[in-house]
Amino acid sequence: MRLLIISPLFLSAFLFFFLLQPPTFAIKKSYVVYLGSHSHGSEAKLSDIKRVKNSHYELLGSFTKSKEEAKNKIFYSYTKNINGFAAMLEDEEAAQLAKHPEVISVFLNKGKKLHTTRSWSFLGLERDGWIPVSSLWTRARFGEDVIIANLDTGVWPESKSFSDEGLGPIPPNWRGICQQDTAGFRCNRKLIGGRYFNKGYAAFVGPLNSTYNTSRDNDSGHGTHTLSTAGGNFVPGANVFGNGNGTASGGSPNARVAAYKVCWPPVNGSGECFDADIMAAFDAAISDGVNVISVSLGGDTPAEFFEDSIAIGAFHASRKGIVVVASAGNAGPAPLTVTNSAPWLITVGASTLDREFTSYVALGNRRHLKGTSLSEKGLPAAKFYPLISGEGANAADSSAGDASLCLPGTLDPKKVKGKILVCLRGITGRVEKGEEALLAGAVGMILANDEFSGNELIADAHVLPAAHVNFTDGQAAIAYINSTSRIPVAFITRVKTELETKPAPSMAAFSSRGPNIMEPSILKPDITAPGVDIIASFSLAVSPSGEEFDKRRISFNTDSGTSMSCPHVSGIAGLLKTLHPDWSPASIRSAIVTSARTRGNNLEPILDSATNLKATPFDYGAGHIRPNRAMDPGLVYDLTENDYLNFLCARGYNQSQIKLFLGKPYPCPKSFSLADFNYPSITVPNLNESVTVTRRVKNVGSPGEYFAYVKAPPGVSVLVKPKNLKFKRSGEEKTFQVTLKSTSTYGPTDYVFGRLVWSDGKHFVKSPLVVKQ
């Protein structure tokens, strides 16, 4: 045997080479191990927490060298509600853990970006979880110290959206109060005011007991939702039954807010917000020193301005420089339904977001239907269930037609029990139909649109597994039930939140439409904003469905309507008021209107969900709001008090009436055409050969030269004089004229639409052209 002798020099070189090589130890990563729920319930004792932690150590210890090593690996033990732990693991350890029968899932602890409850991301105020320096939020300091008033059902003051943590003193211009009540309502430096107005309501329903003497939102949750949408704080972790999880906030999250309760429980279908109370609230809010008034309410039918409490209150607010934003109404898609149409209001329609709460329906014929829902629970088991239509499940003493709508008392439990029930939309509430289905023994519900509702889908907090499908898909489900030779079956998936859906926005079918029946020469609505499935704070006094039979309570809820789109614009108006405190309400409206977009995120024209056809200015006004563009519009169409008075004169109001309206005499001009009212849109309801309208624009940017570009309505020629406007300074005003002339032999027999754009290459100041002969 020969002895191998290694020289010290060779050994040193070998060791040096070895030390340069990378280590081959297993790489550890952070994982989450999910074990489900706890046996101890929500109120855990200290002994329960220790027991759970020890069970985690023992489980992981069975895959490591010891229980002590497992304890060192775990850096989180979820011990109160969620059962599980987070630990530094090798890939092999994680793979082995995933096979354990007590383990539901094991997944990498990935970094997630901040998500909002979507509205403000969709509107461009934040991107992928961060807020750009160029955002209106940043530029306007998140609406710092602007005061937003809300005329509604009150507010739930304990909501985190109205916490005053981190806020400074109340702005010195606030002169309001926190009215004493019987329900423990308290204000703070965020929720700086609360008042209630119920005398008009009492005059209709009779004497009220002391429980009505409160600003607390204890009847509907509507006011809490709208006020938090306009000016609520950033609140992380907002969700509805785990869906849409993210950070909720209002449009002006640093605003101060005040609740003016004017709406009470409905009585005999007569409404719940009475004119006398609305007027009193406007009167108080104006004196209290607010900057923006948000009004998510209106009449069933349009009313003449002198007979409309909102129009009257808004006029007086506008005189004081207060921006008033109001909802367009929920009577769409029928034309001539828009309300709150006074020209000193910003009137808001409703459209969708690029987020959907999706629940799919699988039919036994292998057809899949895409629906929406916010059902808290899924079906009892992952299997197909028998499927029946409401029409086929009618009780002996009920008509098939009534049963198809799942009206109260029309269903036969013997036919429904254990099945998925198809209910047609209409007559009763969407969630109420689910309650009837549940009472009859259904395990799930497919809510199918009628033809009138078309493609409009609403995610509701149903009391049973449910999916809301459009008209076409609903007809497909019923056709399958009626045609199959086998027992019809279906399955409804659990709700899933989907983001960046296309196309978006689209106009909500319920959103009220023009033309403006009160004054056809004024385009209404002015703008559209998100108003479908909006997540915001909610009252803990009522259920998420608003139904008495529903005993659930949640801090955040979804709601849909122009009531929801209105406070989006109110919040943005608050930002603009903060950034441009010298702008008039008309200038703020002009900035919002002329910067809007008419195309969706697929770069195609915005659609009407009721028809799936291209929407028009009667649906969305100037288009969908773009906050970041509105902060720097270039030019604005301003209006003074005298402009509004001239408008009333041209409408036929005499000087005696205007004196009452104004409080002082005002001589009407000898000649003033409604066509010349300086609105940021141009509407000609009666084009007789040709019409010339005059407009006036104010430069609110840098000196520059603007050129006119026209997309003429079909059958109409458009001539702009002058074709260019040169501004030497900010605040300078220029006048121009637009001549519209029919080029068709017969002229347009219906409304046609176009656009006028003034641009300096950076700014694009767009005005809708709406014409009918």
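Start by selecting Y196: this residue is buried, because its relative accessible area is 15%, and buried means under 20%. Keep in mind as you look around that the model is predicted.

**Stop 1: around Y196**

Show the strand that holds Y196: this is β6, residues 191–196. Now display the neighbours. Beyond residues up to four places away in sequence, Y196 touches Q179, Q180, D181, Y212, N213, T214, S215, K261 and W264. Zoom in on Q180, whose backbone oxygen is reached by the side chain of Y196 at 3.3 Å. Next, select C263: its C-alpha atom and that of Y196 are separated by 9.0 Å, although the two residues are 67 residues apart along the chain.

**Stop 2: a sheet**

Select β27, β29, β33 and β31, which in that order form an open sheet of 4 strands with antiparallel pairing. The edge strands, β27 (635–636) and β31 (716–721), each pair on one side only. Strands of a sheet pair through backbone hydrogen bonds. Look at β27 beside β29 (residues 690–699): they pair over 2 bridges, and L635 stands opposite N699.

**Stop 3: a hidden space**

How many cavities of 30 Å³ or more does a search of the whole structure find? There are 4. To see its lining, select V323, V324, W344, L345, I346, P585, A586, R589 and Y644. The largest share, 3 residues, comes from α16. The lining divides into 8 nonpolar residues, no polar ones and 1 charged.

Notes:
Residues numbered from 1 in each chain as written. Predicted model: local features only at pLDDT ≥ 70, side-chain atom pairs only at ≥ 80, totals over all residues. Heavy atoms only, no water. Pairing = 2+ DSSP bridges. Buried < 20%, exposed > 50% of the residue type's maximum accessible area, 1.4 Å probe, protein only. Contact = heavy atoms within 4.5 Å. Polar contact = N/O pair within 3.5 Å; in protein donor to acceptor, adjacent residues only side chain to side chain. 1 Å grid on protein atoms, 1.4 Å probe; cavity = no way out; pocket = protein on both sides within 12 Å on 5 of 7 lines; lining within 4 Å. Points joined across faces, edges and corners; volume = space filled by probe spheres on them. Nonpolar A, V, L, I, M, F, W, Y, C, P; charged D, E, K, R; others polar.
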